[in-house]
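Hi,

Here is the structure I promised to pass on.

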Amino acid sequence: MKSFPPTIANRESSRTEPYLPDILLVDDIPDNLKFLSNFLTDRNYRVRKAVNGKMALAAIQALPPDLILLDINMPDMTGYEVCRYLKENPTTSSIPIIFLSAASETIDKVEGFRLGAVDYITKPFQLEEVLVRVQTQLTVRELQKKSEEQNIQLQQALDNLKKAQEHLVHQEKMATLKKVVAGVAHEVNNPLSFIFCNTEPAHQHIHNLLTILALYQQSCPQPPPEVQALIEEIDVEFITTDLIQLVKSMKTGASRIHAVMAALKNFTHLDESGFKEINIHQNIEAVLALLRYRLGARNDEFQIHVEKDYGTLPPIYGYAEQINQVLFNLILNAVEAIECKYNRWQRQFFQPQIKIWTEIRGYESMVIGIQDNGIGISLESQARLFEPFFTTKPAGQGLGLGLVTSRRIIEEMHNGRLSYVSSAEKGTQWVIELPLFKQGSPS
């Protein structure tokens with residue numbers, strides 16, 4: 001009788017010791033077991049035997065076979081019951097099963113296929129038929145395994161591609177931001193310094209001029225009619241008071257611009273690079289300064305109250321620019337969640353709030369918490385929250401990279417952990433956990 005070889009893939013699996021496909025025979029009749037076992041062993045298959053369903057399940061649990069030849073009519077546990085158990089178990093559901101039975105009724109075959117069997121052989125056995133059916137199912141199984149492995153490789157390649165795209169987009173955004181900030185800082189610093197440095201002399205000069213004007217008014221209480229008319233027309237008393245306020249306002253404005261420029265510089269760390277010491281509280285304040293226009297009152301009603309509860313933290317080590325990016329993403333998301341809730345709810349009963357807190361956790365890590373009372377994240381969105389390019393915003397209003405980038409920065413670049421809890425009632429709380437002690441820069 002002609003001997004069929006194992007599958008092509010199995011022939012090539014090992015040069016020193018060829019892989020023999022593992023077949024489990026399950027039959028309560030010893031003669032059938034012996035007959036089929038000898039036949040298949042002679043055709044270069046490794047055969048194991050079981051005389052009942054429980055023994056078969058124990059053998060499968062110890063070592064899953066490549067194929068099962070399963071008798072239907074057995075005492076205590078039928079082949080149908082064994083098949084149902086295996087197909088309901090994720091670890092064994094993919095093992096192909098060929099039923100063996102003396103019954104040739106269509107209803108029996110239908111029941112077998114319904115339970116998940118791949119083929120059906122009737123007794124008495126036709127050996128050539130058994131061999132062809134076994135070989136066919138082993139070949140199909142091998143192809144399925146190859147397909148599964150290729151799908152895993154393709155999925156990994158796709159994930160790597162998405163991660164690379166996300167990284168490139170993030171790097172390009174930060175590079176562009178650095179260029180913009182550097183250009184703005186260069187153009188603004190000189191005139192800003194000129195204004196800031198001259199407000200105090202201007203204040204002194206105006207004070208001196210007003211003092212002289214007051215002395216003239218005392219010396220000449222009755223000026224000529226044309227001078228008196230001009231005094232009344234321009235309201236000298238108002239100008240005297242307002243001029244001082246104007247200079248103070250200019251100085252305050254210049255200080256504000258200077259603070260924003262410092263925050264921008266701190267946010268992008270123009271003069272710094274690499275893995276170094278970071279003051280977390282200073283970074284949080286820089287981000288809040290940049291987001292002040294989103295937090296402060298833009299109309300008569302809406303204003304987000306920021307509550308800060310800073311613990312005593314030592315400096316940590318990391319990439320300051322990337323940490324700032326994470327803080328910016330999470331705080332901006334909190335602002336947008338609050339704005340969304342504000343626009344949907346009855347406004348008179350809603351008090352927008354963001355709480356930012358820091359603390360030491362244990363002896364090896366520090367924690368940054370960002371809690372908002374916004375709209376929360378839906379369960380639907382939570383399932384896809386960290387997918388690259390997924391966004392809940394309308395088309396054109398977001399790339400969906402903020403949280404993906406944030407997780408990569410915290411967990412991959414800083415060996416930390418980024419987690420959250422969210423509900424429609426309480427809003428969303430993000431927790432950043434970072435190691436306290438200096439670690440080597442991740443490769």
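One residue I kept coming back to is Leu327: leaving out residues up to four places away in sequence, Leu327 touches Asn283, Ile284, Val287, Ile368, Ile370 and Ile432. Do keep in mind that this is a predicted model.

Leu327 belongs to the largest nonpolar core, which has 40 residues; Leu327, Ile280, Leu330, Ile354, Met366 and Ile432 are the ones that touch the most other members. Helices α9, α11 and α13 and strands β9, β10 and β12 each supply at least two residues of this core, and α11 gives the largest share, 11 residues. There is also a second, separate core of 22 residues, with Val26, Leu57, Met77 and Ile95 among them.

Now the sheet. Five strands form an open sheet with mixed pairing, in the order β7-β9-β10-β12-β11. β7 and β11 are at the edges with a single partner strand each, so one side of each has no neighbour in the sheet. On average, neighbouring strands are turned by 15° against each other, direction ignored. β7 and β9 run parallel and are joined by five bridges, and Glu307 sits opposite Lys355 in β9. α11 packs on this sheet, touching β9, β10, β11 and β12, and its direction makes about 25° with that of β10. α13 lies across β11 and β12, at about 140° to β11.

Last, Asp71: an unreviewed UniProt entry lists Asp71 as "modified residue: 4-aspartylphosphate". Asp71 is in strand β3 (residues 67–71) and is buried, with a relative accessible area of 3%. Beyond neighbours within four places in sequence, Asp71 is in contact with Val26, Asp27, Asp28, Gly79, Leu100, Ser101 and Lys123.

Cheers

How values were computed:
Residues numbered from 1 in each chain as written. Predicted model: local features only at pLDDT ≥ 70, side-chain atom pairs only at ≥ 80, totals over all residues. Heavy atoms only, no water. UniProt positions renumbered as here; feature names shortened; annotations may be inferred. Helix = DSSP H or I, 4+ residues; strand = E, 2+ residues; numbered from the N terminus. Buried < 20%, exposed > 50% of the residue type's maximum accessible area, 1.4 Å probe, protein only. Contact = heavy atoms within 4.5 Å. Core = buried A, V, L, I, M, F, W, Y, C linked by side-chain atoms within 4.5 Å. Pairing = 2+ DSSP bridges. Axes fitted to C-alpha atoms, helices over the stretch in contact; angles between N-to-C directions.
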